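Welcome! Take a moment with the sequence and the model below, and then let us walk through a few of the details together.

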Amino acid sequence: MSSHSAQAAGPATSCWLLRGNDGSLSAYAPADGGLLRWTEQRPGGPDWTDPQFIEAPGLTHATLAQGQDRYVHLVTRRTTARGVELMHATQYQTGRPFGPWHSLGNPHKDESRARAIGAPAAVVADDGRVHVFVRNAGGGVSLRRQGKSGKWEGWKDLKGSHLLEAMPAAVAVGSRVELLAPADKQLSRWCQEEPGGDFAEAEPFAATAAAGSVTGLSTADDRATYYGCASGGAGVTAHRTGAPALELGGAPDGGPVAVLRTPIEGFDCTVLAYRARNGRPAIAACPTEGEADGLWWTETGEPSLGAPSLAVDAEDRVVLAAVAVDGTLRVARQKAEPGLALAAWTRA
């Protein structure tokens, strides 16, 4: 891993700003042949390292996941002359190199079907086990995960049909893992029946969402809320069991919604962000599971590439990050005043 002069591209997911064990934030963005990573030089910033290059030859899609131990798991879809396989690597310390790549293979042995798999989704359960989901060639979902010993289990077909090609949304909810995947006419769901157990297809949400726009967030001890962009660009929507779908307004470009749950002025709040149709990041907040009271979207900063991302820094400030059109990292931090006002954007 070394300094790299290539320009970062727009992130295709909203989970790319992560906080390590030492409290420092790291930002990851795709680049030709791999990814770029910026890391705060000290917890809370404001200075960042120059972008470091993480080599990932043949990368076509990448996703990041982080568990309670703060290890960063990188899962990529790699296309080579030999075919398509999923790869996994782990970063154990902030700012340090990733460990060796490990092939997760492909749920299909037939080459033509293997090339038809979608972008992977990854999530780390509370017990530290990494789960990788992918839309398979049959339009359903396949799962590969670590066993209790840490050794990877084989691929399992979770069934399903007519799923859209983009990455599904996986989230740890309490001690269980859930998955939501947009399909032709619904949002299909899978839930673990018990912690560490098998997955069963759950009651779907009778709604649609733009492919690749949905992000999950644990909003209660045993419940997730899924945020996405309504099909046709009608704004952000929220879905969770036991409640009707909520329209949250806004003018997103159809990309992934960034989500964060954190206290603001002592209240449990959910912060949301998206890339607007004009390219600028937009942000809003509400009491957690209180979306029905309304959100007020505020556009901020310059036009950006891909999805923005959200995190909390070492000083408990909300941080909004985006990749500018020149490929540089831009960051805005919460001001030291009531509410969610952001200070001026800075270039990393």
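A disulfide is counted here when two cysteine sulfur atoms lie within 2.5 Å of each other. Please keep in mind that this is a predicted model.

**Cysteines**

- How many disulfides does a search of the whole structure find? The search turns up 0 disulfides.
- C15 takes part in no disulfide, and its nearest cysteine sulfur, the one in C229, is 17 Å away.
- Is C286 buried or exposed? C286 counts as buried, with a relative accessibility of 3%.
- As background, a disulfide is a covalent bond that joins the sulfur atoms of two cysteines.

**The sheet from β18 to β21**

- Here 4 strands make up an open sheet, arranged in the order β18-β19-β20-β21, with antiparallel pairing.
- Which strands stand at the edges? They are β18 (215–220) and β21 (246–249); each has a single partner strand, so one side of each is left without a neighbour in the sheet.
- From one strand to the next, the twist averages 30 degrees.
- Strand β20, residues 236–239, pairs with β21 in the antiparallel sense over 3 bridges.
- Within this pairing, A238 stands opposite L246 of β21.

**The sheet from β22 to β25**

- Another open sheet is formed by 4 strands in the order β22-β23-β24-β25, and its pairing is antiparallel.
- Its edge strands are β22 (258–264) and β25 (298–299), each of which pairs on one side only.
- β22 and β23, the latter covering residues 267–275, are paired in the antiparallel sense over 7 bridges.
- Across from L260 you will find V271, which belongs to β23.
- In general, the strands of a sheet pair through backbone hydrogen bonds, in either a parallel or an antiparallel way.

**A residue in a loop**

- Where is Q146? Q146 sits in the loop between β12 (141–145) and β13 (156–159).
- Q146 counts as buried, at 14% relative accessibility.
- Leaving aside neighbours within four places in sequence, Q146 is in contact with G128, R129, V130, K151, W152 and E153.

Technical notes:
Residues numbered from 1 in each chain as written. Predicted model: local features only at pLDDT ≥ 70, side-chain atom pairs only at ≥ 80, totals over all residues. Heavy atoms only, no water. Buried < 20%, exposed > 50% of the residue type's maximum accessible area, 1.4 Å probe, protein only. Pairing = 2+ DSSP bridges. Helix = DSSP H or I, 4+ residues; strand = E, 2+ residues; numbered from the N terminus. Contact = heavy atoms within 4.5 Å. Axes fitted to C-alpha atoms, helices over the stretch in contact; angles between N-to-C directions.
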